[in-house]
Amino acid sequence: MQPLAYLLRPESVKDIIGQKHILNNDGLITRMIEKQFCSSLIFYGPSGTGKTTFATALAKDLGIKYDMFNASYDKKEKLNKIINSAIDEENFILIIDEIHRMNKDKQDILLEYMEKGNVKLFATTTENPYFVINPAIRSRANIIELKRVDKDDLFTYIKKLITENKMDLNIEDEALSYLCEISSGDVRSLINSLELFLKLYPSEKINITNVMKIVPNAKNPSGSYGDDFHDLKSGLQKSIRGSDVDAALYYFARLYEIGDYETLMRRMVIMAYEDIGMANPAIPPRVLQATNAFRQIGFPEGIIPLGLAIVDMALSEKSNSAYLATASAMKDVQDGLIYDVPDHLKDAHYKSATKLGRGIGYKYAHDYKNDWVDQQYLPNEIKDKKYYKNKDHSVYEKRVYDLYLKMKSK
């Protein structure tokens, strides 16, 4: 017996749930259907947003023959068979599901047939197409990004199915609203949950108590791969950088639930050194200590030191002056600013060093007032270069820099 999610698949684009940003009155998809013109498309978005459904529904609306190839499990022989049959058609749509699973050599096979024009490609992917799809294919296709469906749109959609007797389900609005909320915009996940109640509670009224027994937890729509994961890490770092402790805790919780703790903790240590740095140099070792505590404590209490570190970083003063100074020096070296160390600074520990002019004229800083002496350290060609630019809004960095200036004064 086929799953309910498959049986309820829209047969036309007009039945697609949500995606209003794509299905506007004068957008690409609307125009393609109106003019019965087909071009190659890449459907990109999170799992469960209906990418494959959208592709097949559009093919049907265009009235063009199509076939499907799933890059995850279908064999190359099937792809060749589909392409060979497509050659005899005036117009043909090849739908490749999860094209990111297809290596780039196999993707290149498609180019020849796309060039001839009789094969149009509808590809679907959860991965960023700029990372996983050959540039040559991308240049011949338009990227359509699908978003997670809003919970209100999901609620309206299910109520419509019930009203039209396409789903024999007696469920209270509170229970349905909760299911829409915890599905996290994943249409397939919501329908799969509802199918459970159709089978387990036939002819019974379903309330929030029933729902909490069967589906107690929200679906985490993110995995430890793909755009979602990288976006969450970016959201965490930018929230901490912006000193928004609540947003930082939210993204931390999302990342923690994914379960890739090492990647999360590595990013936390990076943030401590990059974004807090000289403003509060006690923070980086504290964050590192928190990650080690997590490894030692384990679950579930290990989240306590990590959460403390997140709050500590978010509330701390911030400075990226050391990070910027390092990046600037690295750029100069990578750009080829490679010059000799001044002779007076060169290694002079061996007997004949003076014959080569090594170490002559070097001033030992500790022999001078404040353990500082005016002396050239950079190569001649960049002797006036300034990499470090202090930030004086943070108490610690201002104090350290003031001490530095005092040390240099005579």
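Mentor: On a 1 Å grid over the protein atoms alone, a cavity is a set of points where a 1.4 Å probe fits but cannot get out, and a lining residue has an atom within 4 Å of a point. The model is predicted, with local features requiring pLDDT of at least 70 and side-chain atom pairs pLDDT 80 or more, while totals for chains, interfaces and linings use all residues. Residues are numbered from 1 along each chain as its sequence is written, and side-chain values use heavy atoms, without hydrogens or water.

The count comes to 1 cavity of 30 Å³ or more. The largest cavity holds about 40 Å³ of space, a volume being the space filled by probe spheres set on the points, which are joined across faces, edges and corners. Its lining consists of I83, L94, L110, Y113, M114, V119 and L121. Two elements give two or more residues each to that lining, α5 (104–116) and β4 (119–125); helices (H or I, at least four residues) and strands (E, at least two) are DSSP runs numbered from the N terminus. The largest share, 3 residues, comes from α5. By class the lining of the largest cavity has 7 nonpolar residues, with no polar and no charged ones (nonpolar is Ala, Val, Leu, Ile, Met, Phe, Trp, Tyr, Cys and Pro; charged is Asp, Glu, Lys and Arg; the others, Gly among them, are polar).

The open space has another make-up. The second largest pocket (a pocket is an open set with protein on both sides within 12 Å along at least five of seven lines) has a volume of about 550 Å³. It is lined by 19 residues, and those closest to its centre are Y377, K385, K386, Y404 and K408. The lining of this pocket divides into 9 nonpolar, 2 polar and 8 charged residues.

Now the helices. Helix α8 (residues 151–163) packs with helix α9 (residues 173–182) at an angle of about 130 degrees, and their axes are 9 Å apart (axes are lines fitted to C-alpha atoms, for helices over the stretch in contact, and angles run from 0 to 180 degrees between N-to-C directions). That makes α8 oblique to α9; angles under 35 degrees count as roughly parallel, over 145 as roughly antiparallel, 65 to 115 as roughly perpendicular and the rest as oblique. On the α8 side the contact uses K151, L154, F155, I158 and K159, and on the α9 side D173, L176, S177, C180 and E181 (contact means heavy atoms within 4.5 Å). This contact has 5 nonpolar, 1 polar and 4 charged residues. In the loop between α8 and α9 lies N165, which has a positive phi of about 60 degrees although it is not a glycine.

Helix α8 also packs with helix α10 (residues 187–200), at an angle of about 45 degrees and with the axes 11 Å apart. The two are therefore oblique to each other. Here L154, Y157 and I158 of α8 meet V187, L190, I191 and L194 of α10. The contact of α8 with α10 has 7 nonpolar residues and no polar or charged ones.

Further along, helix α14 (residues 261–276) and α15 (283–297) pack at about 170 degrees, with axes 8 Å apart. That makes α14 roughly antiparallel to α15. From α14, Y261, E262, M265, M268, V269, A272, Y273 and I276 meet I283, P284, V287, L288, T291, F294 and R295 of α15. By class this contact has 12 nonpolar, 1 polar and 2 charged residues. The loop between α15 and α16 (303–315) contains P300, and a cis peptide bond joins F299 to P300, with omega about -5 degrees.
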